[in-house]
Amino acid sequence: MIIVLRPHVTEEELARVVAQVRELGLTPHVSRGVTRTIVGCIGDEDRLREVPMLAFPAVETVLPIEKPYKLAAREFAARDTLVALGHAAVGDGAVHAIAGPCSVEGPEMLLRTAEAVKAAGAVALRGGAFKPRTSPYSFRGLGPDALDMLAEARAATGLPVITEVLDTRHVAMVAERVDCLQVGARNMQNFALLTEVGECGKPVLLKRGMSATLEDLLLAAEYVLARGNPHVMLCERGIRTFERSLRATLDIGAVPYLKQETHLPVLVDPSHACGRRDLVPALALAAVAAGADGLLLEVHPDPDHARSDGDQSLRLEGFAELMDRIRDVAAALGRQVAEASISGVSPR
Ligand code: PEP
Ligand code: MN
């Protein structure tokens with residue numbers, strides 16, 4: 001932490017700042033310029049963060065040097081974190097496609113989707129059992145019945161399954177039934193939920209909140225990591241900006257930034273980012289080109305009759321076509337596309 005003092009502070013004011021820094025157990029290094037004095041602080045920055053240094057009249061600004069997140073920071077890990085999803089290891093450099101319907105609507109549509117996305121190359125099936133909906137009157141998912149359907153689809157195809165968890169009271173039940181728990185955009189800063197999934201022992205797919213900065217996202221991941229769960233994947237899914245033409249604004253720069261900043265895998269969800277089926281492929285390819293470890297894509301056998309997010313869901317053939325284009329873009333970049341697990345074999 002560097003404390004920049006106001007011009008022409010008195011010796012007495014400087015001494016007060018220095019004493020406070022020492023009191024917190026840090027070592028102050030005073031550097032005097034012609035008009036300004038700077039106090040460099042060596043030691044545990046967190047101690048200093050707890051004190052309102054700006055309340056000292058002599059202090060103009062406080063510049064942190066260390067990152068507020070530790071376990072999520074790239075420097076913390078010697079190599080990239082790999083998150084196991086069935087036979088796949090997300091973060092290994094290959095492109096991983098995770099696909100499925102926004103909501104699990106029934107066993108047939110789920111199985112049909114699972115078989116189709118697997119045949120096209122998806123490594124995991126994602127379907128919502130508990131849906132966070134803006135309106136309480138919208139379809140909110142089939143709940144525990146959908147978990148049964150996901151288990152059936154998993155048994156039939158061998159694909160690992162992912163579903164969103166909305167409530168701390170459901171974490172243990174959901175973790176028992178699925179291979180990976182999604183924490184959605186609306187819950188990215190639900191700290192009780194993050195703590196609970198941090199203790200569940202299953203991989204966590206953490207989506208960026210619509211108004212969350214990348215630092216907020218990394219600190220949310222830190223909550224999960226700090227509870228002893230290292231299997232966290234981050235997902236950029238578009239943020240709210242002044243732009244209204246699309247459902248959200250895909251922050252493509254988040255991908256290379258996060259890849260530098262953290263060792264955790266970085267996914268992109270182009271479906272929720274644009275909200276339109278015709279634009280999903282372009283955003284998906286851009287995400288691969290930007291270095292994303294994987295994609296989260298909404299796919300439905302009959303999007304026109306989907307109970308949620310039909311407008312942005314790819315048809316089964318559309319998904320297969322997109323996978324071919326993803327292979328082309330990946331190949332142009334010297335990357336592989338990870339393939340699905342072996343048919344009918346449980347990924348455990
Ligand atoms: C979803 O993945 O279906 C979903 C609700 O996404 P988000 O949390 O990103 O809005
Ligand atoms: Mn959706």
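I began with Arg247, which counts as partly exposed because its relative accessibility is 41%, between the 20% and 50% cut-offs. I kept in mind that this is a predicted model.

Next I looked up the partner of Arg247. Its side chain meets that of Asp309 in a salt bridge, at 3.0 Å from N to O. I then checked where the two residues sit. Arg247 is in the loop between β12 (232–236) and α8 (254–261), and Asp309 is in the loop between β14 (294–298) and α11 (316–332). The pair is 62 residues apart and links distant parts of the chain.

I turned to helix α11 itself. Asp324 and Arg327 form a salt bridge there, with the closest N and O atoms 3.0 Å apart. The two are separated by about one helical turn, because they lie 3 residues apart in helix α11. I noted Asp324 as partly exposed, at 45% relative accessibility. Arg327 is partly exposed as well, with a relative accessible area of 25%.

Asp179 is in the loop between α5 (171–177) and β10 (180–183), while Arg154 belongs to helix α4 (residues 144–157). This pair, 25 residues apart, also links distant parts of the chain.

I recorded one network of salt bridges, which links Glu45, Asp46 and Arg49.

Last, I looked up how many salt bridges there are. The count comes to 24.

Conventions. Residues are numbered from 1 along each chain as its sequence is written. Chains are lettered from A and ligands numbered from 1 in the order in which they are written. This is a predicted model: local features need pLDDT of at least 70, side-chain atom pairs count only at pLDDT 80 or more; totals for chains, interfaces and linings use all residues. Side-chain values use heavy atoms; hydrogens and water are left out. A salt bridge is a side-chain nitrogen of Lys or Arg within 4 Å of a carboxyl oxygen of Asp or Glu. Helices (H or I, at least four residues) and strands (E, at least two) are DSSP runs, numbered from the N terminus. Buried means under 20% relative accessible area, exposed over 50%, partly exposed in between (1.4 Å probe, protein chains only).
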